[in-house]
Amino acid sequence: MGAPADEGAESEERAVSGCLFCQIARVERPSHTIFAGDGAVAFLDIFPCTPGHTLVIPRQHYATLSEMPAEEVGKLFQVAAMVATKVQSALGAAGFNLGINNGKAAGQEVFHVHIHIIPRYADDGGGSMKSVAHFKGKESLEQIAAKLRPALAQP
Ligand code: 5GP
Ligand code: ZN
């Protein structure tokens with residue numbers, strides 16, 4: 001017996017109705033929203049790493065970046081870059097990190113795509129993006145590149 005035809009739609013509906021960030025986008029959950037656009041919303045992270053730590057989300061629910069259509073990814077990054085630049089300037093930060101924890105292994109806890117904007121301040125005690133993992137593996141750069149080039153040659 002096959003699954004009902006609309007099972008996918010139903011489970012998607014369940015994911016969305018229970019999703020904290022969908023609730024924030026629909027203003028059903030309190031947040032410190034700082035930007036509300038047609039396609040994306042930016043709000044302060046409830047447990048900030050630095051003052052002004054902001055999350056930028058698409059209004060539409062996608063669990064991970066890999067599920068998002070390319071055009072939507074482009075629009076989301078455009079908003080993130082704009083918000084990050086304004087946050088830095090308004091708070092007098094010295095720079096910012098922009099990042100996505102994509103997937104559980106990468107530290108993703110909320111499965112609604114979000115871009116972290118972490119304003120950086122002189123002597124804030126943090127490192128660069130390269131400080132998030134330390135596992136070099138055994139393969140050479142050329143071996144890794146040889147695995148990746150065919151995958152990226154596909155449309
Ligand atoms: P992740 O680890 O999934 O990349 O990050 C999720 C982020 O969402 C965390 O930094 C966490 O502090 C933040 N967060 C989780 N729940 C809420 C919430 O209800 N409101 C806000 N503003 N941030 C949240
Ligand atoms: Zn959601």
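A residue is taken to be near a molecule if its C-beta atom, placed from the backbone, lies within 6 Å of it. By that criterion, 13 residues surround ligand 1 in this predicted model, and the closest of them are I46, F47, N101, E109 and V110. The shell around ligand 1 divides into seven nonpolar, four polar and two charged residues.

The C-alpha atoms fill a box of roughly 60 × 50 × 25 Å when taken along the principal axes, and buried residues make up 18% of the 155 residues in the protein. Among the contacts between residues at least 6 apart in sequence, 56% join residues at least 24 apart.

The five strands form an open sheet in the order β1-β2-β3-β5-β4, and their pairing is antiparallel. Because β1 (33-36) and β4 (95-99) stand at the edges, each with a single partner strand, one side of each is left without a neighbour in the sheet. From one strand to the next, the twist averages 20°. Within the sheet, strand β2 (residues 40-44) runs antiparallel to strand β3 (residues 54-58), and five bridges join the two; A40 stands opposite P58 in β3.

Helix α3 (residues 70-91) packs on this sheet, where it touches β1, β2, β3, β4 and β5 (115-120), and its direction makes about 20° with that of β5. K75 has its place in helix α3, and although 35 residues separate K75 from A40 in sequence, the two are 8.4 Å apart in space, C-alpha to C-alpha. Is K75 buried, exposed or partly exposed? A residue counts as buried if 20 or more other C-beta atoms lie within 10 Å of its own, and as exposed if 12 or fewer do; K75 has 17 C-beta neighbours inside 10 Å and therefore counts as partly exposed.

The remaining helix to consider is α4 (residues 141-153), which has 13 residues and reaches 18 Å from its first C-alpha to its last, close to the 18 Å expected at 1.5 Å a residue. Why does α4 lie largely in the open? Of the 13 residues of α4, the number buried is zero, so the helix lies largely in the open, whereas helix α3 packs on the sheet.

Notes. Residues numbered from 1 in each chain as written. Chains lettered and ligands numbered in written order. Predicted model: local features only at pLDDT ≥ 70, side-chain atom pairs only at ≥ 80, totals over all residues. Nonpolar A, V, L, I, M, F, W, Y, C, P; charged D, E, K, R; others polar. Pairing = 2+ DSSP bridges. Helix = DSSP H or I, 4+ residues; strand = E, 2+ residues; numbered from the N terminus. Axes fitted to C-alpha atoms, helices over the stretch in contact; angles between N-to-C directions. Contact = placed C-beta atoms within 7 Å. Expected span 1.5 Å × (residues − 1).
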